[in-house]
Each structure stands twice: as structure tokens, then as C-alpha cells.
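Please load the model in your viewer and keep the selection tool handy. We will go from stop to stop, picking something out and looking at what is there.

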2 protein chains.
Amino acid sequence: MPRGECRGEGWWHGKFRGCGYRLTLGREAILDVLSKAEGHLSAEDIYMKIHPKCPNVGLTTVYRTLDVLSNLGMVYKLDFGDGRARYEFAEGPKGAHHHHHLVCTECHKIIDYTDFIDDEVELLNQTEKGLGQKYKFKITNHLIQFYGVCQECSDKK
Amino acid sequence: MPRGECRGEGWWHGKFRGCGYRLTLGREAILDVLSKAEGHLSAEDIYMKIHPKCPNVGLTTVYRTLDVLSNLGMVYKLDFGDGRARYEFAEGPKGAHHHHHLVCTECHKIIDYTDFIDDEVELLNQTEKGLGQKYKFKITNHLIQFYGVCQECSDKK
DNA sequence: CTGATAATGGAAATGATTTTCAATAATAGA
DNA sequence: TCTATTATTGAAAATCATTTCCATTATCAG
């Protein structure tokens with residue numbers, strides 16, 4: 001029924017096979033949800049979204065798959081301080097939708113921002129290079145988050 | 001018995017009292033450990049360090065105190081992906097020891113780096129200002145971490 | 001010194017994530 | 001296409017960091 005993503009459907013086959021992973025219904029469903037989702041889904045969110053179509057995919061599998069995807073670098077695992085991990089499809093640091101996060105410490109609202117990203121990314125790349133050399137690290141990723149209080153939460157006081 | 005910190009001992013009194021908090025033995029012990037510790041302590045680490053001197057301070061209190069300190073901005077609560085929160089004494093973004101983190105995703109080793117910090121902080125301040133205005137956020141803090149694989153872990157393969 | 005109440009600890013509860021294990025399904029090769 | 005190998009699975013149980021409960025204790029303003 002869904003059509004748009006048919007073209008893309010295959011691109012993660014290779015990524016899986018190449019690492020000896022098998023491509024299963026559950027994994028496809030999870031990737032499908034993640035790749036379309038706006039926002040930041042928890043394991044349970046994903047489980048819920050998948051359940052109607054794949055009632056036979058358990059929460060355990062969701063966790064296991066997210067772990068695999070995260071290790072493959074296809075998904076970012078994020079912590080916004082609300083006690084559960086959140087997952088976000090990785091479009092790659094150069095991807096069209098690369099963004100950083102602005103986190104409200106009161107209500108846990110998250111704003112994805114792309115403003116200023118260019119300067120940030122440029123600096124980050126430099127820093128990444130420098131750090132990698134100095135500390136002999138193979139740097140694969142970075143995380144930037146700003147924390148504060150959103151307007152609604154400020155007003156409530 | 002300890003002498004060096006006598007001078008500083010008082011500086012957090014005010015911070016507590018000002019917010020209606022009471023200053024207790026346990027809280028002092030926890031602050032003391034945190035202010036001296038290199039590295040990134042978990043709640044249990046702190047509990048262990050305190051226990052010999054204050055066997056009557058429970059883990060629950062450690063958690064509660066860390067929560068308070070974190071809310072007061074005196075301590076940063078960090079997540080390095082190893083399943084437990086880590087805490088770090090906040091010397092303030094302008095403090096002498098401000099640093100960011102380089103995290104090995106294999107062995108969870110953490111490197112605190114201060115290189116490049118100046119440029120980073122400058123950019124961050126700008127970004128912070130811009131974001132704060134655009135999204136009406138009162139930004140209080142930021143987090144920057146780089147993830148990668150350290151040399152030892154690379155060599156193991 | 002004393003009352004109001006913030007803070008405490010220990011045990012029990014919580015809740016996200018992991019592990020276990022026998023059953024199942026994906027894939028490579030015949 | 002069929003089969004053997006072995007990765008993957010779901011459900012239930014186990015883990016384990018963190019929180020909550022509640023009766024007791026300690027801090028500190030007056």
C-alpha cells in the first residue's frame with residue numbers, strides 16, 4: 001500500500017547482509033517506522049506503532065533491533081533525561097535533516113533546531129579532527145544539546 | 001582533619017539556605033566528595049566513598065541530594081551510555097576546569113578534553129543567544145560529547 | 001530552647017531494559 | 001526446490017538503577 005518508500009526499501013538490505021544480519025519482518029517494520037517518524041521515539045513508542053500491523057513482534061525484539069541499528073550507526077540513541085532512551089533515524093551528519101536538540105528541563109519538550117547548524121558543524125568537524133589525532137580516537141559521532149526552560153514552563157511560575 | 005577546603009566550606013551554605021534547603025552532614029559529605037573527585041562518579045561510587053566516614057548516610061539520600069544539586073546547577077548529571085547516571089561537580093561554564101567529553105563506545109572510557117574549548121565555547125555562547133531568542137528558551141546549560149573508539153579498543157581487532 | 005517541617009534511611013516498589021530458552025524462520029548451498 | 005545451519009524470535013523471568021513510602025530524626029528560625 002505505501003508507495004513512496006519502495007525505491008528506498010532496499011538500501012538497508014545491504015547494510016544488514018554485509019554484517020551477517022538477517023532481514024526480518026520485524027526489523028523492516030521498525031526501520032520503516034523510524035525512517036518516517038518525526039520526533040524521538042522510545043522503544044515502547046515504536047512497539048505501539050508497529051503492533052497493529054505486526055502483532056507478533058514483541059517489545060524484546062524492538063529493543064534488540066534498536067541495539068543492532070544503533071551499533072550499525074543507522075539510528076541514534078538519545079537521552080533526554082526522562083528515564084527512557086529515545087531513538088532517532090540517522091540521516092548521517094551530512095544528511096538533509098541534521099539537527100541538534102534544545103531540551104526543556106521542566107516538561108521535557110524537545111525542539112530540533114537546524115539554525116546555526118552550519119557553523120556548528122564546521123567547528124565540530126575541525127574539533128573532531130583535532131581530537132581524533134591528539135587522543136587517537138576514531139570519532140564517529142557527536143552530540144550537542146542545549147538545556148533550558150521553555151516559555152510555557154517559564155510562564156507557569 | 002581535612003584543612004584545605006575549610007576556606008571554601010561556606011560557599012555553598014548560602015546557595016542552600018537561599019532556596020530553603022537545610023545543610024546536613026550527608027549533603028556536605030557528598031559535595032565534598034564531588035568537589036574533589038576527578039572523573040565522573042555514579043551515585044553508588046559516591047555512596048561508597050562516603051560510607052566509611054558517614055555510615056549513616058544511605059544510598060537514597062545520595063540520590064536525593066544529587067537531584068537537588070543537579071537542580072541547583074551545582075552538579076551536572078551525565079549519561080555516557082553505560083546504564084547509570086554520572087555526576088560531575090559544576091565549576092560553571094566559565095570555570096577553570098570546563099571541559100567536554102570524548103566517549104569510547106566500546107569500553108566506555110571517558111576523556112575530558114579542554115583543547116579547542118575556547119572556540120567551542122564562543123560559538124556555543126552565540127548559538128545559545130540565538131536559540132534562546134528564537135525559541136524563547138532560557139538556556140542554562142549545554143552538553144557536547146564526541147563518540148568514537150579509543151586506540152586500545154581499535155587495536156583489539 | 002522549641003516547634004514546625006525538611007531530611008533521613010531502610011525496605012518495598014517501580015519501570016526500563018536484559019537475559020533465558022525452547023521454538024521458529026532466514027539464508028546459503030546442494 | 002529442499003535442507004541444514006544458525007540467527008532471530010516471543011514470553012516470562014531476571015536485573016538493576018532509581019523512586020517512593022513512611023515512621024523517625026535533625027535542622028534551624030524565632
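**First stop: a helix in chain B**

Start by selecting Arg27(B), Ala29(B), Ile30(B), Leu31(B), Val33(B) and Leu34(B): these are the buried residues of H2(B). Keep in mind as you look that this is a predicted model.

Now widen the selection to the whole of helix H2, residues 25-36 of chain B, which has twelve residues. From the first C-alpha to the last, H2(B) reaches 17 Å, close to the 16 Å expected at 1.5 Å a residue.

What covers the buried residues of H2(B)? Colour these parts of chain B to see: the cover includes the helices H1 (11-17), H3 (43-50) and H4 (59-72), along with the strands E1 (41-42), E2 (75-79) and E3 (85-89).

**Second stop: a sheet in chain A**

Move over to chain A and select its strands E1, E3 and E2, which form an open sheet in that order with antiparallel pairing. The edge strands are E1 (41-42) and E2 (75-79) of chain A, and each pairs on one side only.

Zoom in on E1(A) and strand E3 (residues 85-89) of chain A, where two bridges make an antiparallel pair. Show Leu41(A) here and you will find Tyr87(A) of E3(A) standing opposite.

**Third stop: where the two chains meet**

Show both protein chains together. In this contact, 32 residues of chain A meet 32 residues of chain B. On the chain A side, at least two residues each come from strand E5 (110-113), helix H5 (117-135), strand E6 (138-149) and helix H6 (151-155). Which element gives the largest share of that side? Select E6(A), which supplies twelve residues. Colouring the chain A side by class gives 15 nonpolar, nine polar and eight charged residues.

For one facing pair, pick Val149(A), which stands opposite Lys138(B) in E6(B).

**Last stop: DNA strand D**

Finally, display DNA strand D and the 25 residues that surround it. The closest are Tyr21(A), Val57(A), Gly58(A), Thr61(A) and Ala85(B).

Helix H2 (25-36) and helix H4 (59-72) of chain A, together with H4 of chain B, each supply at least two residues of the surface near the DNA strand. H4(A) gives the largest share, four residues. By class, the surface near DNA strand D has twelve polar, seven nonpolar and six charged residues.

Methods:
Residues are numbered from 1 along each chain as its sequence is written. Chains are lettered from A and ligands numbered from 1 in the order in which they are written. This is a predicted model: local features need pLDDT of at least 70, side-chain atom pairs count only at pLDDT 80 or more; totals for chains, interfaces and linings use all residues. Two residues are in contact if their C-beta atoms, placed from the backbone, lie within 7 Å. Ala, Val, Leu, Ile, Met, Phe, Trp, Tyr, Cys and Pro count as nonpolar, Asp, Glu, Lys and Arg as charged, and the others, Gly among them, as polar. Two strands pair if DSSP finds at least two bridges between them. The expected span of a helix is 1.5 Å times one less than its number of residues. A residue is buried if 20 or more other C-beta atoms lie within 10 Å of its own, exposed if 12 or fewer, and partly exposed in between; C-beta atoms are placed from the backbone. A residue is near a molecule or strand if its C-beta atom, placed from the backbone, lies within 6 Å of it.
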